[in-house]
Amino acid sequence: MPNSFLKISNRFAFGAFACVSAGLLAPAAPAAASCNPDDCGKGSLSAAELARDKAEIKRLNREQLRYVQRRDAEYAKGWDATRRHKSEMSQYAREQADYERRMAQWREAVRRCRDGDYRYCAR
């Protein structure tokens with residue numbers, strides 16, 4: 001049993017070492033590979049292509065905005081329901097406490113009536 005554990009742990013250690021080594025040896029992406037979105041590709045795209053690209057980006061942004069607004073409206077419905085539920089539960093708790101208080105008073109009146117204090121029997 002201990003030998004099999006050592007074999008597994010050695011394999012894991014070697015695998016972890018290999019992954020870390022590969023990560024350290026991999027060259028970092030050069031800064032030239034990324035570009036500013038405003039400057040990116042301006043040399044290789046015509047003015048018409050840049051205009052189409054800009055229009056497509058605006059369209060995608062508007063589409064995403066509509067999606068987020070619809071999503072947030074749905075979330076707001078859930079938030080309203082949650083607030084309503086909390087309000088209803090606190091109202092229920094108040095009503096329950098009032099009921100318990102009235103029942104305690106009634107039980108006390110019954111006890112006093114049975115003990116002979118007949119003023120409490122008429123309730």
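User: What are the ground rules for the model and its numbering?
Analyst: This is a predicted model, where local features need pLDDT of at least 70, side-chain atom pairs count only at pLDDT 80 or more, and totals for chains, interfaces and linings use all residues. Residues are numbered from 1 along each chain as its sequence is written, and side-chain values use heavy atoms, with hydrogens and water left out.

User: How many helices and strands does the protein chain have?
Analyst: Two helices and zero strands. Helices are DSSP runs of H or I with at least four residues; strands are runs of E with at least two; numbering starts from the N terminus.

User: What makes C113 and C121 a disulfide?
Analyst: The rule asks for a pair of cysteine sulfur atoms within 2.5 Å. Those of C113 and C121 are 1.8 Å apart, so they form a disulfide. The count by this rule is one.

User: Why is the disulfide of C113 and C121 called right-handed?
Analyst: Because the torsion about its S-S bond is about 105°.

User: Why is C113 called partly exposed?
Analyst: Buried means under 20% relative accessible area, exposed over 50%, and partly exposed in between (1.4 Å probe, protein chains only). C113 has 21%, so it counts as partly exposed. C121, at 34%, is partly exposed too. Buried residues make up 2% of the 123 in the protein chain.
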